[in-house]
Amino acid sequence: MSRLSREATRVLMGDIISGRYSQGEKLPKENALTERFGASRGTIRESVRALEERGLVKVTHGVGAVVQPSEHWNILDADVLDITLATDRSDQVLGDFLETRRILEVEAVALAAERGSEEQLHNIREAFDRVEEAAKAAIVNPLSEPDYLKTDAAFHSAILNAAGNSVLGKMLEPLRRAIQAAMRPLSPPRHRIMRRLPEYEQIMKTVTNRDVEGARAAIEEHLASSRVYLESVRT
């Protein structure tokens, strides 16, 4: 996708998600959009196809691009999510993400504690050590936060690998990324990391000690803390 097409796509996404164009309404005709964005017909067609691929519009020959109900939108798409988080829909969407993550992740850590091999549990311990090291660096130097986020993702992956269910991992990863993306701009890395690290340590200890109920309780506490934190910094 060209730069101009991507820019037009994101603007039109914003128009739809913010409600400028409501459900059932047709987008402006192609010639109006080419004039608005100073783009070619090909560029606009590419943008409209991108909207259709994400479920925001349905294109019908002779009718045009019609805005679809929000339940059709691919909320796991990075652009759709990013724009949604900037609108008044954000609280509902984040609540749904946190609820879904809780439903899935509580059992994921329990399975890791129950099923994980000794090698997989060792990998979880090592992954936590790397998180801890990267966290200390990011607290001192916020510009190193990308390195911390990589270790954070690796820690979660190590737990999901130990759970022994590949579908869970595929379902949880976009949820975790979405919540992380929502939190990042709201406060400095130090605040987020200092809150998160002791919770991660408790999750690591309960899982690697094969404490199934303790692991459930640890992840419940972490997710509840995430919700309270997110609500506090967004108000």
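Is arginine 195 buried or exposed? Arginine 195 is buried, because its relative accessible area is 15%, under the 20% limit for that class. The model is a predicted one, and the tour returns to this residue near the end.

**The whole chain**

The protein chain has 10 helices and 2 strands. Followed from the N terminus, the order of elements is α-α-α-β-β-α-α-α-α-α-α-α. Along the principal axes, the C-alpha atoms fill a box of roughly 65 × 35 × 30 Å. Of the 235 residues, 48% are buried. Among contacts in the chain with a separation of 6 or more, 70% are made by residues 24 or more positions apart.

**The largest pocket**

Next, select Pro28, Lys29, Glu30, Gly64 and Ala65. Of the 16 residues lining the largest pocket, these are the closest to its centre. The space in this pocket comes to about 300 Å³.

Now colour the elements around the pocket. Helix H2 (30-37), helix H3 (41-53), strand E1 (57-60) and strand E2 (64-67) each contribute at least two lining residues. H3 gives the largest share, 3 residues. By residue class, the lining holds 8 nonpolar, 4 polar and 4 charged residues.

**Glutamate 46**

Stay on helix H3 and select glutamate 46, which lies in that helix. Its relative accessibility is 23%, so glutamate 46 counts as partly exposed. Show what surrounds the residue: apart from neighbours within four places in sequence, glutamate 46 is in contact with Met1, Ser2 and Ser5. For a distance check, pick glycine 14, which is 32 residues away from glutamate 46 along the chain; their C-alpha atoms are separated by 17 Å.

**Threonine 84**

Threonine 84 counts as buried because its relative accessibility is 1%. Which residues touch threonine 84, leaving aside its neighbours within four places in sequence? Select Ile17, Ile75, Arg89, Ser90 and Val93 to display these contacts of threonine 84.

**The largest nonpolar core**

Select Ile124, Tyr148, Phe155, Ile203 and Val207. Within the largest nonpolar core, which has 44 residues, these have the most contacts. Two or more core residues come from each of helix H5 (90-115), helix H6 (118-140), helix H7 (145-163), helix H8 (166-183), helix H9 (189-208) and helix H10 (212-234). The largest share is that of H5, with 11 residues. In soluble globular proteins, nonpolar side chains tend to be buried together.

Zoom in on phenylalanine 155. Beyond its neighbours within four places in sequence, the residue contacts Ile124, Ala127, Phe128, Val131, Tyr200 and Met204. A second, separate core has 20 residues, among them Leu12, Tyr21, Val67 and Trp73.

Return to phenylalanine 155 and show the rings. How many aromatic pairs does a search of the whole structure find? The search finds 2. Ring pairs join Phe128, Phe155 and Tyr200 in a cluster.

**Glutamate 126**

Select glutamate 126 in helix H6. With a relative accessible area of 34%, glutamate 126 is partly exposed. Glutamate 126 and isoleucine 139 are 13 residues apart in sequence, and their C-alpha atoms are 20 Å apart in space.

Go back to arginine 195, which is found in helix H9. Select glutamate 105 as well: arginine 195 and glutamate 105 are 90 residues apart in sequence, with 19 Å between their C-alpha atoms.

The last stop is arginine 210, in the loop between H9 and H10. Is arginine 210 buried or partly exposed? At 32% relative accessibility, arginine 210 counts as partly exposed, whereas arginine 195 is buried at 15%.

Conventions
Residues numbered from 1 in each chain as written. Predicted model: local features only at pLDDT ≥ 70, side-chain atom pairs only at ≥ 80, totals over all residues. Heavy atoms only, no water. Phe/Tyr/Trp six-rings, centres within 6.5 Å; stacked < 30°, edge-to-face > 60°. Core = buried A, V, L, I, M, F, W, Y, C linked by side-chain atoms within 4.5 Å. Buried < 20%, exposed > 50% of the residue type's maximum accessible area, 1.4 Å probe, protein only. Helix = DSSP H or I, 4+ residues; strand = E, 2+ residues; numbered from the N terminus. Contact = heavy atoms within 4.5 Å. 1 Å grid on protein atoms, 1.4 Å probe; cavity = no way out; pocket = protein on both sides within 12 Å on 5 of 7 lines; lining within 4 Å. Points joined across faces, edges and corners; volume = space filled by probe spheres on them. Nonpolar A, V, L, I, M, F, W, Y, C, P; charged D, E, K, R; others polar.
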